[in-house]
Amino acid sequence: MVRKLRAARVIQATTELLVSRDHVKGRPPPGIPAWYQAVRTIPPAEVLTRPYPAQHRPLNPHQKKPRNLYRPTELVYPEDELRQDFYRDHPWELARPMMVLELDGEDARHRDWSRGLEQPGMRLSGESVVQRQLWLMENAEMSKEGAYDQARKEFYLLRQREEIEQRIAVEEARIVGAYFGKSLLRVGMELEDKAYEKWKAWAAAEIQKAKVAAAQSELAANTLPDASGEADGEAAP
Amino acid sequence: MDPRWCSQFLPQNRECTDPRIERKVDRTPTPAGDGRGNSTSTMIIRNTGVRHGRRALAAPVVRTLLRPISMLPKSALTSATTATATADDVNTKDAELRDALSAAMSYKRKREEADQLKAELAKIPQNFNQFVHIQKHTKGLGSTVKSRYEAGVHLRDPPADATLEMLLAAQAHMGANTSLWNPANARYIYGVRDGIHIISLESTAAHLRRAARVVEEVAYGGGLVLFVGTREGQKQAVVKAAQLAEGCHLFQRWVPGTITNRDMILRAQSLRVVDMLDRDVEGADELLGELRPVKPDLVVCMNPMENYVLLDECGQASVPTIGVVDTDADPTWVTYQIPANDDSLRTTELIAAVLGRAGERGQKRRRADASQGICTWEESDGVRHYRIKKLDEQRKAMEEKMAREDGEVKEEVIHPGDLREQLGRQAIGEAAY
């Protein structure tokens, strides 16, 4: 495919036009455009070349024929494995909503994982556990499992505290007149009831059908054909 | 749990359905008896005064008690009047009297209400002063919650430069899906994560700063910058940038031919001829009639993937372009690439803000130089053409006049037109001529 490089050669094309003596008859040759000096002093950046990409994983020294040398590599972090472990063990933590909106990009400056799981401006979540675990592994010289256990237990304590606070808050609210909507259990029960009613209607219809079929077959079995022989439509020979 | 709390705080008209709370307020009527089956007819209270109202069996009103009656609330009065109708020993004269009184008192009541309102209005200055006093003394109390981000902050207060943190927060590093990439953009990509290419923010920042310098220098050189952003939501960013750089904006569809066929498409647009201090030149009506519509000197495109026609026209007409190039875009469509996420409006706003501020700086420098007498630009082709044409005409007219009047003597007289032409030639350079 032939690439169109007009955009990249704007300055060259214009210079050639200015320098050449061929121009539209009856008109003076074109003057220097307002952007000319700017683009001449600030040339465009290099384009279309493919440099060797940044390697985010240590290269395999045994590989004799490495493939896809110029392809961008996968970004991997030590936290990835820790996150996988944590969310495998605590799947319901994924059900907790997470805010993905970035503020000013300076979150890392407000974090100090030596102080514990609770960090200013950050909600307690699996991410706190992972970061705390990593800090313990790197700074407190703990093993992965040991750091995981400690971080995990701190996390459980804080979650328990949260749950107690929520429960008391609900009670206090009810006392002063608040009322809440249906709880999840109530919603589940109602769905089950609906499904049951639906099944009951279906089952009643099936029973009715079966009864009708049984009555018909009984009738067919117990009634004798007519003496004249015309009841069942056969013409008398 | 103390049930007294319940009755105290629950509104009386709401039914409490919580079975845990025991309500001691019992609304069922008491039976006629002691509840053990013994009838206590003598204990039945048939006094209508107790069941229906306090004033059912009240004494008839005496004229001397007019004043106290006027203090009664309306409800008490009406209940009194209805009750008197049902009571046996009602005094009809008193009822008539009361009706007349109520009519008179309604006027009095209205006057009192008006006076009350007036008194309340008169208290406003005092209340306001009290409010201000309280605000002043309580302003410093409590914690100050500093907001680290508000939506649209880049529009309201455009930043002059974008740090790596700002670009990250604006999601400028999020490229397209790896399967949709253009390998020509491989040099801008840092890595792969979650199925998308991650653009290197260092390259983004470097390219953005280069583009900002170009915008600034073009604005300094008197160039017209066109900011284009045709996606939904890019309007505000593009308009703001154009305002800062004193250029033009486009947020709807680019009409094909607006550059290459501008004599037709832009023929209805008005033009201005200004001097180096941005003042309209007088007596330029004839010139304005002859000038061609203007081409932009620089085009900044926030979504080049949807503006191929515009960028192609710019290439044909030799107009330099700046474009926000995502990992699936073609980098050769634009002169200056800014590798960044073109799907994020926050990124668009940030980039437009930085480029707008750069244009603003260029304009400021240009005006500063102009006030010192330095003109940073040259006249445009159309104006130069018109000027040369006029000089030619002038010179021809002079020559004819000279030939007619005095055909023999041909002195080497330097006419003002010639001199100006010579000076003009020197200014532009022999090569261009």
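## Terms first

Buried means under 20% relative accessible area, exposed means over 50%, and partly exposed lies in between. The structure described here is a predicted model.

By that scale, B:Asp278 is partly exposed, because its relative accessibility is 29%. B:Arg366 is buried, at 6%.

## A bridge within chain B

B:Asp278 and B:Arg366 form a salt bridge. Their closest N and O atoms are 3.1 Å apart. B:Asp278 sits in the loop between helix 11 (262–265) and helix 12 (285–290) of chain B. B:Arg366 belongs to helix 14 (residues 345–371) of chain B. The pair therefore ties together parts that are 88 residues apart in sequence.

## A bridge within chain A

The side chains of A:Arg132 and A:Glu154 meet in a salt bridge, with 3.0 Å from N to O. A:Arg132 lies in helix 4 of chain A and A:Glu154 in helix 5 (residues 144–175), so the pair ties together parts that are 22 residues apart in sequence.

A:Arg132 counts as buried, at 7% relative accessibility. A:Glu154 is partly exposed, with a relative accessible area of 22%.

## A bridge between the chains

A:Asp104 and B:Arg148 also meet through their side chains in a salt bridge, at 2.9 Å from N to O. A:Asp104 lies in the loop between helix 3 (78–89) and helix 4 (126–139) of chain A, and B:Arg148 in the loop between helix 6 (124–138) and helix 7 (153–156) of chain B, so this pair joins two chains.

A:Asp104 is buried, because its 19% relative accessibility falls under the 20% limit. B:Arg148 counts as partly exposed, at 25%.

## The wider count

Over all chains, a search of the whole structure finds 42 salt bridges. Some share partners. Such bridges join A:Asp80, A:Arg83, A:Glu127 and B:Arg193 into one network.

## Cavities

The whole structure was also searched for cavities. Five of 30 Å³ or more were found.

Methods. Residues are numbered from 1 along each chain as its sequence is written. Chains are lettered from A and ligands numbered from 1 in the order in which they are written. This is a predicted model: local features need pLDDT of at least 70, side-chain atom pairs count only at pLDDT 80 or more; totals for chains, interfaces and linings use all residues. Side-chain values use heavy atoms; hydrogens and water are left out. A salt bridge is a side-chain nitrogen of Lys or Arg within 4 Å of a carboxyl oxygen of Asp or Glu. Helices (H or I, at least four residues) and strands (E, at least two) are DSSP runs, numbered from the N terminus. Buried means under 20% relative accessible area, exposed over 50%, partly exposed in between (1.4 Å probe, protein chains only). On a 1 Å grid over the protein atoms alone, a cavity is a set of points where a 1.4 Å probe fits but cannot get out, and a pocket is an open set with protein on both sides within 12 Å along at least five of seven lines; lining residues have an atom within 4 Å of a point. Grid points are joined across faces, edges and corners, and a volume is the space filled by probe spheres set on the points.
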